[in-house]
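Reader: I have this one open and have not looked at it before. Can you walk me through it?

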Amino acid sequence: LGKMNAIVQSHPQNAKMLDIASSEGSLGKTITEASGGRIQTTNLDPQEQMIKTFNTKSQVPGAESISAAFGTSFEDEKGQTVPKFAPSHSYDVVHESMAFQFFGPEREEHIVEAKRLLAPDGIFLSEEKVRTDNETENETQKDVWKAQYHTPEALQRKQKQVGFQGENTGGGGMMDKMVHQDILESLLKKYFKYVVQYWSSGNFKGYAASDSKDKIDAYINNYEFEPHDFETEQIPRSID
């Protein structure tokens, strides 16, 4: 909610936002609706079922869904080529949440492509699960909390499926595609003048990056920060 409100309140008429790996497009539709159509959203996802869900559920004028690949084209499980996303215009906001950590560890390539799609003064919002120096401790704390609502067997199945702990059994394989927090921050600083961490929850981190200080300040000033027990950094945190 804090991110959505910050995006809506920080952008003027006719702003354009790209949501990478948007699934059924709920975030984009909500932002377009909440802004009264002021912010047009492109919801990008390569999966046909996600596009079908987007098109058969609530329709919001100004929110579109596109089936294409971020970065490079690839062949899907049916042997069909999913083309590379190649828009004819740039975006004021490029957003990814829990997407790059499943694409692969080539984070520099991902950040370079995200910036290529941005307007010169645009803002890139990235939320990922990362490797950290205290990742085991953070995971244990998270599992203690989750154990209130899930059985040990369910938690073990999730760990196997995602591949975060132990051997990757072919589920999500997330562990070998994550990068260390220090690497992510250094790459964001390499390609953007201003980087601010706006979210911290154990091994999950959120960053805003831009070459425009005004855009960064507007986003952070409009973000409603709510401290919680899983924060591992004091937020907001400027990355210098």
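Reader: Let's start with Y223. Buried or exposed?
Author: Y223 has a relative accessibility of 14%, so it counts as buried, the limit being under 20%. Keep in mind that this is a predicted model.

Reader: And Y219, what is its relative accessibility?
Author: Y219 is at 1%, so it counts as buried.

Reader: How many aromatic pairs does the search find?
Author: Searching the whole structure gives 11 aromatic pairs. In one of them, the ring centres of Y219 and Y223 are 5.9 Å apart and the planes stand at 50°, so the pair is tilted.

Reader: What about W199 and F204, how are their rings placed?
Author: Their centres are 6.2 Å apart with the planes at 35°, so this pair is tilted. W199 is partly exposed, at a relative accessible area of 23%.

Reader: Which residues form an aromatic cluster?
Author: One cluster is made of F70, F100, F103, F124 and F192. F192 also has the charged end of K115 over its ring, 5.0 Å from the centre.

Reader: Where does K29 lie?
Author: K29 lies over the face of F54, 4.2 Å from the ring centre.

Reader: Back to K115. Which helix is it in, and what does that helix meet?
Author: K115 is in α5, where R107, E108, I111 and V112 also take part in the contact. On the α8 side the residues are L184, L187, L188, K190 and Y191. By class, this contact has 6 nonpolar, no polar and 4 charged residues.

Reader: At what angle do α5 and α8 cross?
Author: Roughly 35°, with the axes coming within 10 Å. Helix α5 covers residues 107-116 and α8 covers 181-191.

Reader: Left-handed or right-handed?
Author: The crossing of α5 and α8 is right-handed.

Reader: Changing topic to the backbone. What joins I235 and P236?
Author: A cis peptide bond, with omega at about 0°. P236 is in the loop between α9 (213-222) and β10 (237-238).

Reader: What is the phi of A21?
Author: A21 has a positive phi of about 55°, although it is not a glycine. A21 is in the loop between β1 (15-20) and α2 (26-34), and at 26% relative accessibility it counts as partly exposed.

Reader: And M98, where is that one?
Author: M98 is in the loop between β6 (91-97) and α4 (100-103). Its phi is positive too, at about 60°, and M98 is not a glycine. With a relative accessible area of 24%, M98 is partly exposed.

Conventions. Residues numbered from 1 in each chain as written. Predicted model: local features only at pLDDT ≥ 70, side-chain atom pairs only at ≥ 80, totals over all residues. Heavy atoms only, no water. Axes fitted to C-alpha atoms, helices over the stretch in contact; angles between N-to-C directions. Helix = DSSP H or I, 4+ residues; strand = E, 2+ residues; numbered from the N terminus. Left-handed = near helix turned anticlockwise from the far one by under 90°. Contact = heavy atoms within 4.5 Å. Nonpolar A, V, L, I, M, F, W, Y, C, P; charged D, E, K, R; others polar. Phe/Tyr/Trp six-rings, centres within 6.5 Å; stacked < 30°, edge-to-face > 60°. Buried < 20%, exposed > 50% of the residue type's maximum accessible area, 1.4 Å probe, protein only. Lys NZ or Arg CZ within 6 Å of the ring centre and 35° of its normal.
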